[in-house]
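This briefing covers selected surface, contact and aromatic features of one structure. Please consult the sequence and the coordinates alongside the points that follow.

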Amino acid sequence: MRFQTTYKSIVVLALLSGLASLRADVVEVKDGSRLVGTVTKIDAGSVSLDTAYAGKLTIKQSEIVRLETSEPLVVRLAGGTTMAGTISSSADGSLSIKGEDGTINTTVAKLATTWEPGQTDPAVTALEPKWSYEATVDVVGKTGNSESLGTAFGVRATRVSPHEIMQFYSAYNRQESNGTKSADQFKAGFDYANNFSGRTSWYLRDEGGFDRVKDIDLYNVAAVGLGYDFIKETKQKLTGRFGISHRYEAYGNPLTPDLSAAGLDLALIHDYTFENAKMHNELSYVPTFEDFSNYRAKHDSYVEMPLGAGLWKMRFGLSNDYTSQPGAGVERLDTTYYTKLILNWE
């Protein structure tokens, strides 16, 4: 008898375990569909449901008439109230959140967001600054009728918060063709923008380096001013900048006078995000106050595409660097076509 009792207990426990493993969340919508799976998140008016039969589904909260979870979630309501508990619906359409400290009665429409117990509120996480990094490299060589070798690399660190973007960057480019240098450039700088009111921001930037093909031993451009977002959308942003600058250029040729002058700092920056690509366009114009015909203009446009689902990307671009009054024997315009392999990480 004792053996039979023990055997029955084991069978009951196994059945209970099996039933527990079958527990799942339920979502019912207005057209009568009943979806079973695991509710992973409620946010921005949608419920995310993981299912074994259709993968990840996203259901609009406005279409949901019944919602039940078998495991507790931390729920924040539209009014700001936060509570951890399981969610269940009543026949009259009301919804209850049952936790250790009691029950809150509400509706599906008032569920603002959820997260797993022990994790941080997504609203708090969104306010925390996030760093991202990228490293680029481009090596091109040719032998035969002509000999050429080109090496370019760069690094960038970006810190983003809801109202600030700060970037530190550096890049070097060296090209040789038949023993003659066609590029020998280095730059390093930072760019800071603070979106203090709606579409309006203020910015501060500084960049320095050298360009020995243009006979510039050392240059520096520092600027401060205001920015305005003409377009500010999830996938697209167009920002105009207007500020004052100081431009310094020291030339190797003694026949070319060095430049140290204040001036304007004007720029347009455009970003557009496609489904599987990103496009960036940037145009800057820095004239001096003493002589507006003495200016430096830069343009950079590229398209960036991911390589699979990993950390690598490819960038295809075109850049132009124009100096209206260059050193003796130096061309005004440099145009560069480039392809870069990029490693991104956070």
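Contact here means heavy atoms within 4.5 Å. The model is predicted: local features need pLDDT of at least 70, side-chain atom pairs count only at pLDDT 80 or more, and totals for chains, interfaces and linings use all residues. Residues are numbered from 1 along each chain as its sequence is written, and side-chain values use heavy atoms, with hydrogens and water left out.

- Asn 195 is located in strand β14, residues 180-197; strands (E, at least two residues) are DSSP runs numbered from the N terminus.
- Asn 195 counts as buried because its relative accessibility is 17%, where buried means under 20% relative accessible area, exposed over 50%, and partly exposed in between (1.4 Å probe, protein chains only).
- When residues up to four places away in sequence are not counted, Asn 195 touches His 163, Thr 200, Ser 201 and Lys 232.
- A polar atom of the Asn 195 side chain lies 2.8 Å from the backbone oxygen of Gly 198.

**Nonpolar surface patch**

- Phe 196, Trp 202, Leu 204, Val 224, Leu 226, Ile 244, Tyr 285, Phe 289 and Phe 292 make a nonpolar surface patch of about 830 Å².
- Patch residues have over 30% relative accessible area and no salt bridge, with nonpolar side chains (Val, Leu, Ile, Met, Phe, Trp, Tyr) joined within 5 Å and like charges within 9 Å.
- A salt bridge is a side-chain nitrogen of Lys or Arg within 4 Å of a carboxyl oxygen of Asp or Glu, and accessible areas come from the Shrake-Rupley method with a 1.4 Å probe.
- At least two residues of the patch come from each of β15 (200-211) and β16 (216-232).
- Phe 292 is placed in the loop between β19 (278-287) and β20 (295-306), and it counts as partly exposed because its relative accessibility is 43%.

**Asp 31**

- Asp 31 is found in the loop between β1 (25-29) and β2 (34-43), and its relative accessibility of 62% is why it counts as exposed.
- The side chains of Asp 31 and Ser 33 make a polar contact at 2.9 Å; the term denotes a pair of N or O atoms within 3.5 Å, where within protein one must be able to donate a hydrogen and the other to accept it, and residues adjacent in sequence count only if both atoms are side-chain atoms.

**Aromatic pairs**

- The whole structure contains 11 aromatic pairs.
- One of them, Tyr 228 with Phe 230, is edge-to-face, at 5.3 Å centre to centre and 75 degrees between the planes.
- Rings of Phe, Tyr and Trp (its six-membered ring) pair if their centres lie within 6.5 Å; planes under 30 degrees apart count as stacked, over 60 as edge-to-face and the rest as tilted.
- Trp 131, Tyr 133 and Trp 345 form one aromatic cluster.

Technical notes. Helix = DSSP H or I, 4+ residues; strand = E, 2+ residues; numbered from the N terminus.
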